[in-house]
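Let's take a friendly walk through a protein model together. Keep the sequence and the 3D view side by side as you read.

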Amino acid sequence: MKFKFTFWKLVFAVIMVLGGYATVIRFTQGLGASTNMNDQYPWGLWIGFDVLCGVMLAAGGFTLTGAVHIFNVKRLEPIVRPTVLTAFSGYLLVSTALLYDLGRPYRIWHPLVMRNPHSVMFEVAMCVMLYTTVLSLEFSPIVLERFHLHKPLKFIKAALVPLVILGCILSTLHQSSLGTMYLIMPEKLHPFWYSPLLPVFFFISAIAVGLAMTIYESSLSSRIFGRQLELPIIRELGRILLVVLSVYAILRFEDLLHRGVLGRVLVPQYETYFFWLENLLAVIIPLILLSIRKVRTSPAGLYLTAVMVVLGFITNRLNVSITGMEGWVGRHYMPSWMEFSVTAAMVAGGFALFGLAVKHLPIFEDEHHNQQSQPAAQKGVIASVEVATNAGD
Amino acid sequence: MSKSLLYDATLCIGCKQCEAGCAEQNHLPYNERIAAEEVTSDHKFTTVMAKDDKYMRRLCMHCQDPACASVCPVGALRKTEAGPVVYEEARCMGCRYCMAACPFSVPKYEWSKVLPKVQKCVMCPDRIAAGKQTACAEACPTGATKFGERDELIREAQERLRANPGNYAPHVFGINEVGGTSVLLLSSLPFEQWGIRIAELPKDPLPLYTYRVLSRIPDFVPLGGMVLGGVWWITHRRDEVAEAEARERAEKEARKNGGAR
């Protein structure tokens with residue numbers, strides 16, 4: 001137990017040192033010295049992973065707040081806080097990563113005053129800015145509670161429903177718009193990924209990943225923080241995930257069919273391999289797994305499925321932003337070690353932020369109930385729905 | 001009344017005077033080593049490519065409806081009335097969406113600089129404003145690069161093609177590609193041999209592809225707000241009703257019990 005703890009601390013330290021070194025090179029010598037981006041690949045790993053995947057991985061925030069506060073699915077209430085935390089730290093990290101990628105990061109505020117409403121990027125910038133603000137407000141009750149500031153807490157609680165609605169609208173807009181960004185490149189992006197439905201795919205897959213991330217995170221924090229696993233809740237999430245993935249799969253298939261690309265998915269080719277990697281991981285295997293009752297109801301099965309969905313859609317975003325462009329460019333792009341280490345530092349930073357917040361803030365609302373039953377929690381005893389339901393509102 | 005350039009490969013002798021003139025106009029270094037580079041870059045805005053005695057010139061195409069200007073979140077790139085697509089460095093935050101979106105991969109980045117900017121041919125807007133032709137057209141000794149009104153140059157290009165069909169690839173590049181460009185090309189070899197993939201380029205202006213989606217947002221926001229607000233009202237109203245009914249029932253019970261007593 002102690003060894004494991006030190007091991008992960010060591011990994012974290014190594015990642016941070018490498019990331020720190022890369023940061024210095026990036027900001028003192030420029031993008032050319034630190035990355036493998038070039039005129040053919042103006043966007044690399046930092047846009048493909050840190051931004052596209054970062055925003056997608058943080059989609060649980062609007063999915064869960066929407067489900068609980070708008071659709072009134074009370075059963076899911078206990079996991080809203082950790083999910084909002086994930087989303088908030090996710091967006092903070094995306095913004096940080098963007099500062100690395102922008103050639104002139106100190107001008108990041110320019111879209112606020114130099115607006116071009118015809119630009120998808122402008123819309124994404126505004127939505128991300130506004131949504132990060134919304135998330136900070138959605139997150140604020142946790143901090144306010146911690147410091148017993150009851151007056152501002154009242155204000156936030158009164159404004160919660162309009163805030164959640166605003167958050168859902170902003171998220172729908174920019175999650176889909178990250179796909180819309182690529183609509184202007186019909187000649188460059190491979191037909192496996194270029195589709196007029198790209199915005200729809202980005203949106204639906206964001207919901208799927210939001211759910212999968214919530215399952216992943218609940219499972220992980222139950223193990224790490226010795227908490228009870230809210231099995232009925234993640235079962236519910238698994239059920240919703242099955243529906244969302246099915247919708248995605250049908251649309252994706254129909255789209256390939258109608259664009260006449262379906263015949264090409266069996267032609268052995270560079271793009272085909274990545275296409276299958278993506279769709280097996282993100283859609284096909286998870287759909288099969290979730291259709292099996294035994295898998296759908298077991299913690300391990302749900303965990304495995306969630307991890308696959310997350311990895312699959314990460315592959316999807318990288319395919320859209322990198323793999324799909326390689327044919328047009330005529331050569332491959334491989335990120336530099338410094339690009340990798342900055343990205344790794346962002347991911348590690350995400351885990352660290354989450355851990356710190358859980359330690360110091362009332363993230364898990366049923367913590368008090370848990371403290372008495374900690375040993376039982378480690379055996380994976382299921383939390384009762386009663387506790388979950390009463391914890392909220 | 002927009003200005004254009006017509007490049008006719010059959011008149012080009014590969015002297016690269018256009019490259020030299022461009023470098024001078026834009027205060028870029030120019031020497032034999034740079035002349036030998038057959039790609040455009042952050043220090044070379046136009047290039048003459050050679051295949052034996054056949055040539056092709058590359059430069060910014062100055063699209064009629066440019067993707068780069070459409071995607072720029074801060075409006076640093078702009079299509080002017082006069083024809084050039086110009087760049088305003090002070091606005092640019094370096095997102096490089098213009099580079100990703102350009103169908104001709106024209107905008108280049110100063111990767112080696114700590115505070116880089118986008119570099120590309122801007123069609124000498126100051127010279128055009130002063131009533132002069134572009135530096136490259138002025139430098140061209142054979143008239144292979146010709147400056148003029150777009151309509152007139154299109155007519156001339158079509159006439160040249162009609163008069164000597166054997167000398168040309170049967171296409172005036174730039175009339176329809178991505179909605180039309182302000183640089184027109186006549187090639188002696190098939191365009192594809194120069195890496196100009198006509199078949200893959202759509203005829204519609206590229207900004208249409210994103211505009212079709214973006215233009216729905218103003219409707220989506222109030223509609224989405226109303227739908228979500230409605231869902232909230234219905235789902236929570238159900239709770240309220242259930243609660244009220246329970247209370248009523250309890251009251252009734254209480255009254256009944258009271259009456260019986």
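Let's begin in chain A with A:N72, which counts as buried because its relative accessibility is 15%; buried means under 20% relative accessible area, exposed over 50%, and partly exposed in between, using a 1.4 Å probe and protein chains only. A:N72 sits in the loop between α4 (60-70) and α5 (80-101) of chain A. Helices (H or I, at least four residues) and strands (E, at least two) are DSSP runs, numbered from the N terminus. Although A:N72 is not a glycine, its phi is positive, at about 60 degrees.

A word on the ground rules: this is a predicted model, where local features need pLDDT of at least 70 and side-chain atom pairs count only at pLDDT 80 or more, while totals for chains, interfaces and linings use all residues. Residues are numbered from 1 along each chain as its sequence is written, chains are lettered from A and ligands numbered from 1 in the order in which they are written, and side-chain values use heavy atoms, with hydrogens and water left out.

Chain B has a positive phi to show you as well: that of B:V178, a residue other than glycine, is near 35 degrees. Look for B:V178 in the loop between α7 (150-163) and β9 of chain B. With a relative accessible area of 2%, B:V178 is buried.

Now let's turn to charged partners. A salt bridge is a side-chain nitrogen of Lys or Arg within 4 Å of a carboxyl oxygen of Asp or Glu, and over all chains the count comes to 24. Which two chain parts does the pair A:R107 and B:E89 join? A:R107 lies in the loop between α5 and α6 (110-113) of chain A and B:E89 in the loop between β5 (85-87) and α4 of chain B, so this pair joins two chains. Their salt bridge has an N to O distance of 3.3 Å. A:R107 is buried at a relative accessible area of 10%, whereas B:E89 is partly exposed at 25%.

B:E156 is partly exposed, with 23% relative accessibility, and B:R160 is buried, with a relative accessible area of 16%.

B:K203 pairs with B:E177, with 3.8 Å between the closest N and O atoms. B:K203 lies in the loop between β9 and α8 of chain B and B:E177 in the loop between α7 and β9, so the pair ties together parts that are 26 residues apart in sequence. B:K203 is partly exposed, with a relative accessible area of 44%, while B:E177 is buried at 0% relative accessibility. Shared partners also link salt bridges into one network made of B:D8, B:K146, B:E156 and B:R160.

Finally, visit helix α10 (residues 231-258) of chain A, where you will find A:L256. A:L256 is buried, with a relative accessible area of 3%. From A:L256 to A:L144 there are 112 residues in sequence and 49 Å in space, C-alpha to C-alpha. For contrast, look at A:I292, in the loop between α11 (270-291) and α12 (293-297) of chain A. A:I292 is partly exposed, with a relative accessible area of 40%.
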